[in-house]
Amino acid sequence: MTNNRRTLLATLLAASFAVAAPMSAFAQKKIVVGFSQIGAESEWRTANTNSMKTAAAAAGIELKFSDAQQKQENQIKALRSFIAQKVDVIALTPVVESGWDTVLKEIKDAKIPLILMDRSVDSKDTSLYATHIGFDFVKEGEMAGQWLVEKAKTMKGDINVVELQGTVGSAPAIDRKKGFEAAIKAEPRIKIIRSQTGDFTRAKGKEVMEAFLKAEGKKINVLYAHNDDMGIGAIQAIEEAGLKPAKDILVISVDGVKGAFEAMIAGKLNVTVECSPLLGPLVMSTAKDLAAGKTVPRSLIGKDGVYPMETAAKEFPSRQY
């Protein structure tokens, strides 16, 4: 082979590698997911955020995280920022159900797949999101109500319930109330005598329970809290009022966080309905599929279950959150 031919061949090979290199780099480009989280209002929410961050790192995904501090306007700003940054996939946990159509249409128009995580939206246009990874909040409320209906068999007279609702307008608050009310219809003696939002926080749960106790006193037989943090706050109010939680007032809550198990072991909480926050691995695997152009199921349901006080000590060592 002449020197000229060798030079030409070397030039052609170098050129082919120069073209191939950026294509290879593009093929291995890191997936970027924008995640708008509600905030850090509860033990559950903190565990959920940690699950997302850990799973993203394990999957080799770049996670752009935004804490909305429980304000919808902050979430809308974050979503528009993700659009501007041209992320590959967006994950949204909506603080409330309504008021999303405009920004979700902007996401759709930008051709960015959207995952609704944990909570849902009430939009009639279901094409605005690719999938919902979450829970059956109505079922969770039903399980809480069914536990009380069964417990009522050992109780006499009317059973007066006070209810600590979650954030007004949020999917879990609406659905956990709906499911509980449907279940307790099986026992006419059970009546909800007061119901007010505790905004899913421990401090607000304590404050509202104090007001319930001042208004109703010893007429209260049961507390139903839409999450464990409000329930734990309410337990403090019950004790400060000179009453015994789980005995003088039965305490039912939802989420299944470690704090609830500790309260059950201490004999202060009767039952918690689990709603596992560890959704990160499922969200990240779904994000990879969506970024690759694959079709994913429209709905994926997380783990739930009922844990009464009697099983708490046995279950506690295996709890991850």
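Q: Which strands does helix H3 lie across, and at what angle does H3 run to E1?
A: This is a predicted model, in which local features need pLDDT of at least 70, side-chain atom pairs count only at pLDDT 80 or more, and totals for chains, interfaces and linings use all residues. Residues are numbered from 1 along each chain as its sequence is written, and side-chain values use heavy atoms, leaving out hydrogens and water. Helices (H or I, at least four residues) and strands (E, at least two) are DSSP runs, numbered from the N terminus. Axes are lines fitted to C-alpha atoms, for helices over the stretch in contact (heavy atoms within 4.5 Å), with angles from 0 to 180 degrees between N-to-C directions. Here H3 (72–84) lies across E1 (32–37), E2 and E3 (89–92), and runs at about 175° to E1.

Q: In what order do the strands of the sheet stand?
A: Strands pair if DSSP finds at least two bridges between them. The six strands form an open, parallel sheet in the order E2-E1-E3-E4-E5-E11. E2 (62–67) and E11 (299–301) are at the edges with a single partner strand each, so one side of each has no neighbour in the sheet. From one strand to the next, the twist averages 15°. E4 (114–118) and E5 (131–134) pair over four bridges; Asp118 has Gly134 in E5 as its bridge partner.

Q: Which residues of helix H4 are buried, and which are exposed on its other side?
A: Buried means under 20% relative accessible area, exposed over 50%, partly exposed in between (1.4 Å probe, protein chains only). In H4 (101–109), Val103, Leu104 and Ile107 are buried. These residues fall within an arc of 100° (directions from the helix axis to the C-beta atoms), so they line one face of H4. Their cover includes H3, E3 and E4. Thr102 and Asp109 are exposed on the other side. Just after H4, Lys111 has a positive phi of about 60°.

Q: Where is Asp122, and what does Asp122 touch?
A: Asp122 is in the loop between E4 and E5, and at 44% relative accessibility it counts as partly exposed. Not counting residues up to four places away in sequence, Asp122 touches Glu97 and Ser98.

Q: What volume does the largest cavity have?
A: A cavity is a set of points on a 1 Å grid over the protein atoms alone where a 1.4 Å probe fits but cannot get out; lining residues have an atom within 4 Å of a point. The volume of the largest cavity is about 90 Å³. Of its 13 lining residues, Trp44, Arg45, Arg119, Arg176 and Asp255 are the closest to the centre. Helices H2 (43–59) and H6 (171–184) each supply at least two lining residues.

Methods
1 Å grid on protein atoms, 1.4 Å probe; cavity = no way out; pocket = protein on both sides within 12 Å on 5 of 7 lines; lining within 4 Å. Points joined across faces, edges and corners; volume = space filled by probe spheres on them.
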